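Biologist: Could you walk me through this model, slowly please? I would like to start with how the chain folds back on itself.

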Amino acid sequence: MIKYSITMLLLLFVCLGNYANNLPAYLLEEIKATAQNYSQRKIFDAIKQGRIDSINAQLNQNHTLNKEQHYSLNRQLFAELYSFKSKEAFNVAIRMEELAGQIKSDEKQTEALLCKTDVLLCSGLFHEAIEVISQARNMPTPELKVYYYRLMTRLHGDLMAYNDIPNYHHQYRAINHLYADSLLQLANKKSVDYQMVQALRLIDLGQAKKAFDQCNEFTQRRDVSEHEKAMIYSCMAWSCRQLGDLEGQVQYLLKSIESDIRSSTYETTSGRLLAQLLLENGEVRLAHQFLIRAIQDAEFYGARQRKAEITHIVPIVEMQLRDLQRLKVIAISSVFIIVLLSLLVIIYLWMRLARRHREVKSGRDKINQQNSLLAHQNKQLSESNKIKEESLTNYFELSSIYFHEIEKMQAKIRSLLLQKKYDAIADYLANSNALDDRERLFERFDALFIKLFPTFIEAINAVLHPSVQLDASSSNACLSAEIRVFALHRLGIVSAERVASILGISRNTVYTYRNRIKTKVDMAPGEFEEYVMTIPAY
């Protein structure tokens, strides 16, 4: 049962892996940030609506305006509404056409027709757009010619995109290139129309890198509007797609969306393209968010062709969302079953371990009894060693006291000599030599210490500089005065006063001896004293 559940869970993980994203974490964070920025759209829309209301107020309140001024204000109003609200923009274009007729200006008449065509193209009404633009026969100015060529380029580009019949596709492509070439010959090279058509033409000819570089240079200009940036960024994203740069494509689509938000542009393709790209890379939920936004934008503007583009993606996203949700439910159920089975196995193993623990505890108690016995014996041995060391220490201290008494007696005898009591002390002084007795006592101590700590000199030599090492060739070797200080240290006599008293030297001399040895070892002074205490006995 457990094997079956684990196998089922692994299969679910494999299925979920099909939905795993191919985008880096930092890029996903940027995508989520842009999705959050849609909430700021109302702020920019309010600003644009304020400009629209201001123009409408001028048109409605100022009755002294002539037809030319009315036309100029309506042209400004159209520019604000063009990518914001298609129906209102189309109505403004109609008013422009009526005013142009009243003014009897061929230039304004043609401009109004082109504006109507522009809105119809953005709304996806290609047949109507063709009917309207066919009425514009004369192009009085170069600017209107560029506008006309741009609309015809876009018209046939859209027809090419939405018509997959080979014969028509090639026909529309040829016409698209023809109008694009005409625009490139006439348009200002610094204009966004020129940059967009040039870039799309380069991409179509397989020169995506060159198109990207030209667009990137264009975006660095300060006079480029947010709406123009949105179009250029979208073109750069398309270049990245042709170059196989997935991260670049996502980043420039995000920039295009940001510019669309800031310019209140609702006739846009960036959101839909990003949703499709996210869907291709396994980010179904994010794709669904941007897809919903793209649908809302298309409905708000009234872009029929954008709705058609989105319609075939929506069922795919919804189906994948359902599949993902179903897999998650199955995965959670499988995990629950595995956890439950694991819990039962753990309970069973715990019961076996508890029984085994009782057996081990019983054996451990016996071992602890033996260990206690051994610890007691070790303690006895330790006490025996301690008694031995204390006996040696006490013996040495008593001998030292004895020598102190001898020295006092000598001092007294010298005092008697000063008193000329020669007979009482002459013989005694002749036979007494305390220094010789002290040296004999030191020799006896050295021999006893080396017997108790046979490796002491070797251990000291191990940390001394080679040039000052002690002679350990003889088992009866005597300790130097400096080493004798550390021998007492090993026996637990660490007080400078006690060492000075035992050896018959001053406390400063004890410090001198200690420092003299410490300067000759290859370790820190404090470490050397600890090292001495670790030298083992026999």
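Modeller: Among contacts in the protein between residues at least 6 apart in sequence, 67% join residues at least 24 apart, where contact means heavy atoms within 4.5 Å. This is a predicted model, in which local features need pLDDT of at least 70 and side-chain atom pairs count only at pLDDT 80 or more, while totals for chains, interfaces and linings use all residues. Residues are numbered from 1 along each chain as its sequence is written, and side-chain values use heavy atoms, with hydrogens and water left out.

Biologist: How many helices and strands does the protein have?

Modeller: The protein has 24 helices and zero strands; both are DSSP runs numbered from the N terminus, with helices (H or I) having at least four residues and strands (E) at least two.

Biologist: And what share of the residues is buried?

Modeller: Of the 538 residues in the protein, 41% are buried, where buried means under 20% relative accessible area, exposed means over 50%, and partly exposed is in between, using a 1.4 Å probe and protein chains only.

Biologist: Which residues touch the most other members of the largest nonpolar core?

Modeller: They are F78, L114 and Y148, in a core of 53 residues; a nonpolar core is a set of buried Ala, Val, Leu, Ile, Met, Phe, Trp, Tyr and Cys residues joined through side-chain atoms within 4.5 Å. Helix α8 gives the largest share of this core, ten residues. Leaving aside neighbours within four places in sequence, F78 is in contact with A89, V92, A93, M96, C115, V119 and Y147. Another core, of 37 residues, lies apart from that one and has A35, V192, C240 and L286 among its members.

Biologist: New topic, charges. How many salt bridges are there?

Modeller: The count comes to 23 salt bridges, each being a side-chain nitrogen of Lys or Arg within 4 Å of a carboxyl oxygen of Asp or Glu. One of them joins E97 and K116, at 2.9 Å from N to O, and this pair links helix α5, which holds E97, to helix α6, which holds K116, across 19 residues of the chain.

Biologist: Are E97 and K116 buried or exposed?

Modeller: E97 counts as buried because its relative accessibility is 19%, and K116 is also buried, at 11%.

Biologist: What about R201, which residue does it pair with?

Modeller: R201 forms a salt bridge with D181, and their closest N and O atoms are 2.0 Å apart. R201 lies in helix α10 and D181 in helix α9, so the pair ties together parts that are 20 residues apart in sequence. R201 counts as buried at 18% relative accessibility, whereas D181, at 29%, is partly exposed.

Biologist: Which residues are linked in a network of salt bridges?

Modeller: K48, R51 and E80 are linked in such a network.
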